[in-house]
Amino acid sequence: GCYGSKDVRTPVLDALAAKGIRFQNGFVTYSVCSPSRGSILTGLYPHQNGQVGLATHKYRMYPGIKTLPAYLNEAGYRTGCIGKIHVNPESDIPFGFRPPAKSPLLVGNFARKKLPQYTLLADSFFRRSDTPFFLMVNYPDAHFPWKHQVDGMPKNPMSGNDIKSTLPFIGVNTARIRAFVADYYNSIERLDDMIGRLFDKLKDSGKDQNTLIIFLADYGAQFSRGKFSNYEAGLKVPMIIYWPGKTEKGGVRKELVSSIDLLPTILEAAGIKTP
């Protein structure tokens, strides 16, 4: 909603943007997950770190590439990741905390199983100690296949009859595509709900005023000219950053920013020298 959509309802993310900085021109380095996530975790382009394709297809980083949790672990941070990593080899991405073995929260979880577990695991992580922490939470929404409603979320799901047009970059407006778009919006509303529950647990831990929050997607929506393409809709993503007492309230920045900027930004915020 804070990016101008009149159809989707995202009160949590809208409130985050009102408190923090919303980037109008945030881009990722690749329009599918593994190479995009590889850049987030290394601060390098895919051709530099080696993760040039999907981990599913056995693509992997070059040997000796240092990743974000390795830097933070060395600096005394507790690190954790809930949800999929999907970058090879995961042994080079040494998050200290991961969901238990065989949990759907270790992978993409596109069936949206056990959604409340994301919140419960994050709550446990937040409360564990007063050591500085980094937690990445990778939700399965919004990801194809779009799910109409899961665990009562969203409370009032939309149907294709509720919207008049499809996403502008698709270039086609039919009843079938409107139905897909409606469930894409339902997935986003479910994501907003999940993030709200996460923020509630962060606040309950008493650490919310000393935590830098970064929200972004790893690529654009899976429609024509979106995911898998080099068009803007595949590479341009929402990006909101909020750091209590540090970021400008309700700021909007129009400069071009990239996901390769995230690792050095996080290290600088943590007081760690950037290579």
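This is a predicted model: local features need pLDDT of at least 70, side-chain atom pairs count only at pLDDT 80 or more; totals for chains, interfaces and linings use all residues.
Residues are numbered from 1 along each chain as its sequence is written, and side-chain values use heavy atoms, with hydrogens and water left out.

## The overall build

The chain comes to eight helices and six strands, which are DSSP runs numbered from the N terminus (helices: H or I, at least four residues; strands: E, at least two). Reading from the N terminus, the order is α-β-α-α-α-β-α-β-α-β-α-β-β-α.

With 275 residues, a compact globule would have a radius of gyration near 19 Å, and the chain agrees with its 18 Å; the radius is taken over C-alpha atoms, and the globule rule is 2.2 Å times the number of residues to the power 0.38. The C-alpha trace spans about 55 × 40 × 40 Å along its principal axes. Buried residues make up 51% of the 275, where buried means under 20% relative accessible area, exposed over 50%, and partly exposed in between (1.4 Å probe, protein chains only). Among contacts between residues at least 6 apart in sequence, 67% join residues at least 24 apart, with contact meaning heavy atoms within 4.5 Å.

β2 pairs with β3 in the parallel sense over five bridges; strands pair if DSSP finds at least two bridges between them. G80 has L135 of β3 as its bridge partner. To get from β2 to β3 the chain passes through α5, and this β-α-β crossover is right-handed, meaning that with the strands pointing away from the viewer, the path from the first strand over the helix to the second runs clockwise.

## Strand β1 and its partners

β1 (residues 21–27) has five of its seven residues buried, so it too is largely enclosed by the rest of the structure. With β5 (residues 236–242) it pairs in the antiparallel sense over five bridges, and I21 stands opposite I241 there. With β6 (residues 251–258), β1 pairs in the parallel sense over six bridges.

## Aromatic pairs

There are eleven aromatic pairs. Rings of Phe, Tyr and Trp (its six-membered ring) pair if their centres lie within 6.5 Å; planes under 30 degrees apart count as stacked, over 60 as edge-to-face and the rest as tilted. F97 and F125 make a tilted pair, 5.5 Å centre to centre with 50° between the planes. This pair links distant parts of the chain, 28 residues apart: F97 is in the loop between β2 (78–82) and α5 (116–127), F125 in helix α5. Both F97 and F125 are buried.

Y118 and Y139 have ring centres 5.4 Å apart and planes at 45°, so this pair is tilted. Y118 lies in helix α5 and Y139 in the loop between β3 (133–137) and α6 (175–204), so the pair ties together parts 21 residues apart in sequence. Y118 and Y139 are both buried. Elsewhere, F144, W146, F180, Y184, Y185 and F223 form one aromatic cluster.
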